[in-house]
Amino acid sequence: MKCKKWLFILFLFSLLALSACTSGAAKNEEFPPTMTGVVLINNQEYDMKPSGYRWTKKSGNDTQIVTTDAASPNQIAEELTAIPMKEGSNITIEVEDNPELSVYQWNENRRINNIPLSDNKFSPPSTKGRYIYEVIANWSNGHVRGEVSYTFVIEVK
């Protein structure tokens with residue numbers, strides 16, 4: 001009788017271990033992944049609006065590619081509330097899994113400036129006004145590579 005009890009307990013632990021491994025593997029295999037991005041201004045966190053992306057996943061001889069198109073950052077900015085900030089404040093960009101980042105300033109028609117980053121931080125113009133930024137994040141983690149565009153808007157007061 002004791003042997004059956006121990007076999008039953010061993011069976012339950014095995015089931016629990018298998019289900020835990022399976023659920024974790026499914027989460028890690030989400031494709032395309034969803035990566036969040038925020039900006040920090042004066043110790044306050046604001047979400048960036050993700051838009052177009054391209055993800056590539058290699059598995060053996062197979063390659064899976066998912067691409068979306070989106071409106072341009074200046075069009076997306078029309079629907080965003082500007083983040084208010086004071087002159088001289090810094091902006092810090094944080095994106096999940098620490099990808100390589102590029103930042104661009106936009107006007108109403110196109111990209112106008114490539115913004116240099118230092119430790120994922122930059123200083124916006126000191127002139128009062130509304131400014132549109134696009135952040136391009138690039139991941140190259142082995143068999144999964146991706147690029148996502150994010151948009152945010154500030155207003156220097």
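Predicted model: local features only at pLDDT ≥ 70, side-chain atom pairs only at ≥ 80, totals over all residues.
**Entry: the main core**

I started with the nonpolar residues. The largest nonpolar core holds 26 residues. I noted the ones with the most contacts inside it: I91, I93, Y150, F152 and I154. Next I looked up which elements give two or more residues to this core, and the list came out as strand 1 (37–41), strand 5 (83–85), strand 6 (91–95), strand 7 (100–106), strand 10 (129–141) and strand 11 (144–156). Which strand gives the most? That's strand 11, with six residues.

**Entry: a second core**

I also found a separate core of seven residues. Among its members are A77, W106, I136 and V153.

**Entry: around Y150**

I skipped its neighbours within four places in sequence, and what Y150 still touches includes M35, T36, G37, M48, K49 and P50. V95 is on the list too, and so are Y133, E134, V135, A137 and W139.

**Entry: the salt bridge**

How many salt bridges does a search of the whole structure find? One. The side chains of E134 and R111 meet there, at 3.1 Å from N to O. E134 sits in strand 10 and R111 in strand 8 (residues 111–115), so the pair ties together parts 23 residues apart in sequence.

E134 has a relative accessible area of 5%, so I put it down as buried. R111 is at 37% relative accessibility, so it goes down as partly exposed.

Note on methods:
Residues numbered from 1 in each chain as written. Heavy atoms only, no water. Core = buried A, V, L, I, M, F, W, Y, C linked by side-chain atoms within 4.5 Å. Buried < 20%, exposed > 50% of the residue type's maximum accessible area, 1.4 Å probe, protein only. Helix = DSSP H or I, 4+ residues; strand = E, 2+ residues; numbered from the N terminus. Contact = heavy atoms within 4.5 Å. Salt bridge = Lys/Arg side-chain N within 4 Å of Asp/Glu carboxyl O.
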